[in-house]
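Hello,

Here is the structure I promised to pass on. Have a look at it first, and then read on for what turned up in it.

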Amino acid sequence: MTTSDGTNGADVEAFQAKFASLQQKYTEEASKRFRPDGTSQYVNLADARNARIHDLGGDPWVDHAALNAKTSAVKDGGKYKFVILGGGYGGLITAVKLIEAGLVNDSNDLRIIEAGGGYGGTWYWNRYPGLHCDVESYLYMPLLEETGYMPKHKYSTGLELRKQAERIVAKWDLNDKALFRSEVTDCRWSDEEEVWNLAVKEDRGPEEGKRSLNIQANYFLVLSGVLTIPHVPKISGLEGFGGAMFHTSRWNYNVTGGSEEDQTLAGLEGKKVGIIGTGATAIQVVPQLAKWAKEVYVFQRTPSSVTWRGQKETDPEEWKTKIAHKKGWQQERRANWDTFLNYAAKPGQPNMVGDGWTEMPAYSAVIGSPTFGIVEPTPEKIGEHVGRVLMLDVERGEKVRGRIDEIVKDPKTAAALKPWYPVWCKRPTFSDEYLQAFNFPHVHLVDTNGKGVDSATTEGLVVDGKEYPLDVLVLSTGYRSPGYGALNPAKRTGIKIYGRGGRSIDDKWEEKGASTFHGVTSSGYPNFFFGPFGQFAQSANNVETLEVAADHMVHFIKKAEEKVGGLAVIDPTNEAEEGWAMEALKRAANFAALTVCTPGYLTLEGELNKPDEDPAEMMKKARMGIWSEGILPFLKVLEEYRAGDLVGVDIAPRK
Ligand code: FAD
Ligand code: NDP
C-alpha cells in the first residue's frame, strides 16, 4: 500500500515500530542512570575537604618565579575603568572589542583578573594529550581574520588554540594588563561612588604566599567560562588510591612523561592505566593512552556518541582562495554551519564545512531552530515537538550505532559502546581513533551498565565486585554543570555579588529565578556584564556565542558613554528585564526534549528532568531558557535593538 505522500505504508509501519522500540530503549537506559543525589554525586576539586583530591585542582602550569619577578599589573587600591574577570577566549574577545570600540584610551583603563597562571582559559588549563577543538578551527578560533592566522589543521591542537590566545594578547598589547593566579572573591557596587569594589586574592606561590587586594572598576565584566570547575565523583576510597592520579584538566606529564609539545607518554610504558569517564575528553585521551600504556582500562558509565572526524591539514591554497578569501569570511562560514545545526539549511544550499556536526539537525533540540517556531506550552504541542525532534534523530542514532559494529571487532564490546539517547543529551563527539582503540588487545572496556565505578582501593578500582589493579588513574570526570545556580553569575563564578542597596544577586535569583536583560546584564547591578548561558542564544561553537555577547556588552557601554559624554551608569529597568524573562518563558517549551535525556551536565545530572511539584519553582526554571529560534535569528533581534536608543535601560552620567 502506498500513502498519499508516496511512501510505502509498510515502510511507515516499520519505521513507527522501530521508533517506538527505540524510545523504549532510551527510557530504559536513562532510568538506569538517574540518581537521587544528582549534582551532589560530585565534589568540585577546589571544594574537596580531602587534601589529595583538593590538590588535584592546583595549577600545574604556573611559573611563580617568573610572575613574581614582573611588576604587578594591578595595585592594591588601583582604580580602573574596565576590569574583566577571566583570561580565556571570552575575556580576550571582550577586551579586544572594548579596545576596537575606542573605549580603552589610558594605560589604566583595562585590567584582566585570571585565576590561572596565564592566558587561554580552557586552553590554558587543559593540556591533555590528544586535545583538539571539536568545532572546525576556522570557525572556532577567535579573531582569525584580524590576526591573519591560518590554523595548521581543520581541528587545532590545544597548544595551537592557546597560542592563538597569546597571539591576541600580543597584537592588542594585553601582556601587562593581567593579574594572574588571582581570584575575584567579592564585588560590591558603591551607590555613593558609583563604582564596583572588587576583593581579589592573589596566590604568589609557596615563597611569597597569598595577598589580598582591593580595587575599583567603573565597569566589571565577568567572562568566567562554562566548563571551568573540575569535579570528581564521590567514589568511596578514591583519595586512598595508591597509584598516581590526576584530573584531565590538570594533566600530570611528570607521571606520563612527554609534554604538551611532545606527546611521547613514555612514563606509561609497562603501566596499567585506568580512566574514569567516556565524555568528550576521554574520547581524545584514550587513543593516546593506548599508544603507550601496557594495559588501558576504560571505566564507562554512559557511552558517548562518536561520529567520524575527518581531521586534515589546511591546504594553504584552499585557505587563500576558498576559505579566508574575503573580508567577513569567518562570520559567513559560521552562519552557513549554523543553518545546518539549527535545522534551517535550504535545499541545495552549499555546506561549506561539511563536518559531522552538519549531519545532526536534531541538535537543534538544544540550540533552537527557526523551523520549529515557538512551541505552545500545551501537553499536545509539546508532545508533538518532542516527537518531531526524536524522529529527526533516528537515522543519525542508527548510523552511530551501526558504525560501532563496523569498527569494533568484539561484539560484546561493540554492544556496550552503543549510546542509547538522542544526540542533544550529551555533547556529540568526533573521532577516527577512539572506537578503533578497543580493537587493541591491551585496551579493555569496563562497562558499569550505567552504575559507575563502585569504589576505589589502594590497588585500583572496583566494579561489580571485581577489583581492577592500576598504577595510574586518570579522572576524566568533567566539570560542574554550567547551569548550576540557575545561571546566577555569582554561583557560576564562585564570587559574591552585591548591587544597588547592597542587595546580593543570590537573593534576587532566589526570589525570581534567572533575571537578565539580553542574557548579559541584570537590573540593580549597574555596569555589570557577564558571559551568557541562558536568556541568550547558544551555538555549538562557544566562541561564536562569546563574540555575539561581547559585541552586545560593548554596544551598551559605547552607546551609553556617547549619550552622556563620558563614564556612564548603565542599568536595565526591572520592567525591561521582566519582559525579557517572558521571552525566555515563552520559548521554554521548545526545549522540552531535554526531559527525555539520560542524565548529564546539560540537565544538571538529571535534576532538570524531574517535574517540580512547586509551580513557582517550575516557572523559575523555565526562565533559564535560551532563544529557541537559534543564534542567527537572535542576532537579528540584537541588531534591531542596537539600531534603537538603548530602550529599557536607564543611563546616567557617573556622578
Ligand atoms: P574559559 O576558557 O573557561 O575561561 C574562563 C577563565 O575564567 C578561566 O581561565 C578561569 O580560570 C577564570 N575564572 C573563573 N572564575 C574566576 C574567578 N572567580 N576569578 C578569576 N578568574 C576566574 N567549545 C567549543 O565550542 N568547541 C570546542 O572544541 C571546545 N572544546 C573544549 C574542550 C575542553 C576540554 C573544555 C573543558 C571545553 C571546551 N569547549 C569547547 C568549551 C570552552 O570552554 C569554550 O569554547 C571557550 O574556550 C570558553 O571560553 P571562556 O573564556 O568563556 O571560558
Ligand atoms: P563529561 O562531563 O562529558 O564526562 C564525564 C564522564 O565521567 C562521563 O562519561 C561520566 O559518565 C563519567 N563519570 C562520572 N562519574 C562517574 C562514575 N562514578 N563512574 C564512571 N564514570 C563516571 O566531561 P568531559 O571532560 O569529557 O567533557 C566536558 C565538556 O567539555 C564536553 O561536553 C565538551 O563540551 C567539552 N569538551 C570538548 C572537547 C573537544 O572535543 N574539543 C574535548 C573535551 C571536552 P556519565 O555520562 O554517565 O555521566
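Arg211 is partly exposed, with a relative accessible area of 27% (buried means under 20% relative accessible area, exposed over 50% and partly exposed in between, with a 1.4 Å probe and protein chains only). Arg211 forms a salt bridge with Glu202, and their closest N and O atoms are 2.5 Å apart. By salt bridge I mean a side-chain nitrogen of Lys or Arg within 4 Å of a carboxyl oxygen of Asp or Glu.

Before going further, please keep in mind that this is a predicted model, where local features need pLDDT of at least 70 and side-chain atom pairs count only at pLDDT 80 or more, while totals for chains, interfaces and linings use all residues. Residues are numbered from 1 along each chain as its sequence is written, chains are lettered from A and ligands numbered from 1 in the order in which they are written, and side-chain values use heavy atoms, with hydrogens and water left out.

Back to Glu202, which is buried, with a relative accessible area of 3%. Glu202 also forms a salt bridge with Arg181, where the closest N and O atoms are 3.5 Å apart. This pair links distant parts of the chain, 21 residues apart: Glu202 sits in strand E6 (residues 195-203), and Arg181 in the loop between strand E4 (178-179) and strand E5 (182-190). Helices (H or I, at least four residues) and strands (E, at least two) are DSSP runs, numbered from the N terminus. Arg181 counts as buried, at 7% relative accessibility.

The structure holds 39 salt bridges. Another of them joins Arg333 to Glu136, with the closest N and O atoms 2.9 Å apart. Arg333 lies in helix H13 and Glu136 in the loop between helix H5 (122-125) and H6, so the pair ties together parts that are 197 residues apart in sequence. Arg333 is buried, with a relative accessible area of 7%, and Glu136 is buried at 0%. There is also a network of salt bridges that links Arg127, Arg162, Lys163, Glu166 and Glu260.

What about helix H13 itself? It is mostly covered, with ten of its 13 residues buried, among them Trp329, Arg334, Trp337 and Phe340. The buried residues of H13 pack against several helices, including H6 (137-140), H12 (316-323) and H20 (542-564). Tyr343, which follows H13, has a positive phi, near 55°.

Now for a helix pair. The axes of helix H1 (residues 9-33) and helix H15 (residues 379-407) come within 11 Å and cross at roughly 85°. (Axes are lines fitted to C-alpha atoms, for helices over the stretch in contact, and angles run from 0 to 180 degrees between N-to-C directions.) That makes H1 roughly perpendicular to H15, a label for angles of 65 to 115 degrees. Phe15, Phe19 and Tyr26 are among the H1 residues in this contact, and Leu390, Val394 and Arg401 are among those in H15; contact means heavy atoms within 4.5 Å. The residues of the contact divide into seven nonpolar, two polar and four charged (Ala, Val, Leu, Ile, Met, Phe, Trp, Tyr, Cys and Pro count as nonpolar, Asp, Glu, Lys and Arg as charged, and the others, Gly among them, as polar).

Arg396 is in helix H15 too. Arg396 is buried, with a relative accessible area of 11%. Leaving aside residues up to four places away in sequence, Arg396 touches Ser305, Met360, Tyr421, Pro422 and Val423.

Best wishes

Terms used: Angles under 35 degrees count as roughly parallel, over 145 as roughly antiparallel, 65 to 115 as roughly perpendicular and the rest as oblique.
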